[in-house]
Amino acid sequence: MTAGVDLGQPQAQAIRSDEDVVRVRQLVRTVAVAVAVKLSLVDQTKVVTAASELARNTLVYGGGGTVEVGTVDNGTRRGVRIVFADCGPGIADLDLALTDGYTTGGGLGLGLSGARRLVDEFDIKTAVGEGTRVTVTKWSR
């Protein structure tokens, strides 16, 4: 993950229900269009879509958790950084979980792999029995 200077206090949101997933999308869109970041409409859509997928995974597979949405600056550009965390069962086979088409929930299997393609930086830490932490960043162009 590229280092970046935090531009302000990240906004935290619990993820415990479908309504919280909607709130995460709204929060990410609000930060993405903020004066500090000014993502293009295409990049806003990409980061909001990635956040929606990851929030849904946090709820469904992680049993709920939290998200922090903030802005960062790497000296040449600004971006949105989003950190999802849960204390769920963790991911037993991360390589398999990141494979397009793999699903344990009957979906299209594009959640993690799709989210990874939609952002500029994607970092995941997981341990069986300890949960999962996913950090994504979308930089302004």
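Author: A crossing is left-handed if the near helix is turned anticlockwise from the far one by less than a right angle, and right-handed if clockwise. Helices (H or I, at least four residues) and strands (E, at least two) are DSSP runs, numbered from the N terminus. This is a predicted model, in which local features need pLDDT of at least 70 and side-chain atom pairs count only at pLDDT 80 or more, while totals for chains, interfaces and linings use all residues. Residues are numbered from 1 along each chain as its sequence is written, and side-chain values use heavy atoms, with hydrogens and water left out.

Reader: Which elements does the chain have, and in what order do they run?

Author: There are four helices and six strands. From the N terminus the order is β-β-α-α-β-β-α-α-β-β.

Reader: What makes helix 2 roughly antiparallel to helix 4?

Author: Helix 2 (residues 41-60) packs against helix 4 (residues 111-118) at about 155°, with the axes 9 Å apart. Because angles over 145 degrees count as roughly antiparallel, helix 2 and helix 4 are called that. Axes here are lines fitted to C-alpha atoms, for helices over the stretch in contact, and angles run from 0 to 180 degrees between N-to-C directions.

Reader: Which hand does the crossing of helix 2 and helix 4 have, and which residues of helix 4 make the contact?

Author: The crossing is left-handed. Contact (heavy atoms within 4.5 Å) involves Gly 111, Leu 112, Ala 115 and Leu 118 of helix 4. From helix 2, the residues include Lys 46, Ala 50 and Leu 54.

Reader: Why are helix 1 and helix 2 called roughly antiparallel?

Author: The axes of helix 1 (residues 18-32) and helix 2 cross at roughly 150° and come within 9 Å. That angle is over 145 degrees, so the pair is roughly antiparallel. Helix 1 passes helix 2 in a right-handed crossing. Among the residues that meet are Val 21, Val 24 and Val 28 in helix 1 and Val 47, Ala 51 and Leu 59 in helix 2.

Reader: Why does Arg 81 count as buried?

Author: Buried means under 20% relative accessible area (1.4 Å probe, protein chains only). Arg 81 is at 14%, so it counts as buried. Arg 81 lies in strand 4 (residues 78-86).

Reader: What makes the pairing of the Arg 81 and Thr 137 side chains a polar contact?

Author: A polar contact is a pair of N or O atoms within 3.5 Å; within protein, one must be able to donate a hydrogen and the other to accept it, and residues adjacent in sequence count only if both atoms are side-chain atoms. The Arg 81 and Thr 137 side chains make such a contact at 2.9 Å.

Notes. Buried < 20%, exposed > 50% of the residue type's maximum accessible area, 1.4 Å probe, protein only. Parallel < 35°, antiparallel > 145°, perpendicular 65-115°, else oblique.
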